[in-house]
Amino acid sequence: MKEIKPFSKKVWLSSPTMHGDELKYMEEAYNTNWMSTVGANINEVEKIVCEKTGSKYAVALSSGTSALHLAIKLAGIKAGDRVFCSDLTFIATVNPVLYEHATPIFIDTEYDTWNMDPDMLEKAFLLYPDVKLVVVANLYGTPAKLDKIKEICKKHNAILVEDAAESLGATYKGKQTGTFGDYNCISFNGNKIITGSSGGMLLTDSKEAAEKAKKWSTQAKENVNWYEHTMIGYNYRMSNVIAGVVRGQLNYLEEHIALKKAIYERYKEGFKDLPIQMNPIDLVNSEPNYWLSCMIINSDVDVTPQCLLEALNNINAEGRHLWKPMHLQPLFKDNIFVSNEDSDVGTDLFKRGICLPSDIKMTIDEQEIIIETIKSCF
Ligand SMILES: *Cc1c(COP(=O)(O)O)cnc(C)c1O
């Protein structure tokens with residue numbers, strides 16, 4: 001095997017890609033002295049996100065996690081309530097449930113989309129018919145079977161919160177993700193497809209919910225001319241400087257998706273003779289945003305994710321394990337996990353999968369070297 005030289009500049013999993021417009025809007029915030037959680041950039045990003053997603057209202061917040069927290073509160077979740085949650089996801093999907101002292105019940109994953117299995121959600125409602133909230137995530141930019149999940153929620157009178165932190169710009173049956181739930185979250189964290197360095201948004205079609213979320217996010221001050229408070233509040237509002245970065249980025253969402261898609265397709269083509277599967281993209285029903293390209297090694301093959309990650313690391317490229325399922329986390333050792341008998345899809349995917357370098361600044365040459373490196377492991 002010929003020796004591959006490490007990249008002199010690291011190829012990242014998914015790092016921020018700036019275009020220059022961000023600086024213009026940040027400067028505008030500075031020059032107009034709106035260095036605050038009020039200002040034109042905030043108003044503008046809320047408007048643009050509504051236009052792009054079709055959501056009626058958007059509330060700009062300090063993170064996707066704070067958006068999820070307010071979504072859980074809008075759903076009326078109280079201490080001790082049980083909440084059905086995606087199992088294979090980043091813990092940020094679930095932490096807000098804990099902030100409200102409620103108890104997540106984890107729903108197993110389907111191979112079709114790597115998201116919450118609607119059949120397991122049905123099963124969970126049979127076991128726990130009193131549950132009033134479902135939190136579903138769209139992993140790696142691929143939408144869950146959102147119509148089915150929505151239908152099941154409706155049938156059981158449950159509220160749906162959609163965690164679209166990873167899937168901004170992806171559509172399911174022609175409709176943008178982040179608009180299927182009663183309350184939805186997107187994220188502008190540094191590794192997401194559009195970034196503000198940090199930041200997030202709550203999306204909803206309910207004017208009342210949007211107004212509540214905005215009030216809660218600014219310490220829940222009553223509308224009188226002294227400081228009057230009747231309820232708990234938070235300091236969750238987005239900064240106008242951060243909003244400037246987001247504002248500059250949002251014009252590039254479609255371009256970023258196209259670049260991510262090309263990366264996915266090059267991997268798929270490059271690996272076509274390997275005993276692996278790429279992360280599923282259900283093109284009949286959805287158009288993903290291709291945020292991360294991932295792969296799982298066929299179960300009859302003696303190659304481990306660890307060995308692929310080491311090979312990537314050796315050439316100065318960043319890969320990662322798939323999200324580790326929530327029901328395997330020590331934090332949730334006592335929580336219920338609903339799956340098919342003798343089956344645990346989330347664990348199976350976790351044990352066989354990795355996220356590949358998916359940075360849109362990666363060159364075709366670099367990606368070809370990455371593909372060769374992975375191939376040499378088999
Ligand atoms: C990134 C992410 C979040 C949280 O977003 P932050 O802006 O980092 O708080 C929530 N859920 C998922 C699935 C994510 O990937």
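In the predicted model, helix α9 (residues 253-270) packs against helix α12 (residues 364-375) at an angle of about 35 degrees. Their axes lie 10 Å apart. The crossing of α9 and α12 is right-handed. On the α9 side, the contact is made by I263, R266, Y267 and G270. These residues meet I364, Q367, I370, I371 and K375 of α12. By class, the residues of this contact comprise 5 nonpolar, 2 polar and 2 charged.

The ligand site was examined next. A shell of 15 residues surrounds the ligand. T65, D163, E166, S187 and K192 are the closest of them. Helix α3 (residues 64-74) supplies the largest share of this shell, with 3 residues.

For T65, a polar side-chain atom lies 2.5 Å from a ligand oxygen. For S187, the distance from a polar side-chain atom to an oxygen atom of the ligand is 2.7 Å. In N189, an N or O atom of the side chain is likewise placed 2.7 Å from a ligand oxygen. The protein buries 95% of the 380 Å² that the ligand exposes when taken alone.

Two of the residues with these side-chain distances, T65 and S187, are also listed among the closest to the ligand.

Methods:
Residues numbered from 1 in each chain as written. Predicted model: local features only at pLDDT ≥ 70, side-chain atom pairs only at ≥ 80, totals over all residues. Heavy atoms only, no water. Near = heavy atom within 4 Å. Polar contact = N/O pair within 3.5 Å; in protein donor to acceptor, adjacent residues only side chain to side chain. Areas by Shrake-Rupley, 256 points an atom, 1.4 Å probe, with all protein chains shown as cover. Helix = DSSP H or I, 4+ residues; strand = E, 2+ residues; numbered from the N terminus. Axes fitted to C-alpha atoms, helices over the stretch in contact; angles between N-to-C directions. Left-handed = near helix turned anticlockwise from the far one by under 90°. Contact = heavy atoms within 4.5 Å. Nonpolar A, V, L, I, M, F, W, Y, C, P; charged D, E, K, R; others polar.
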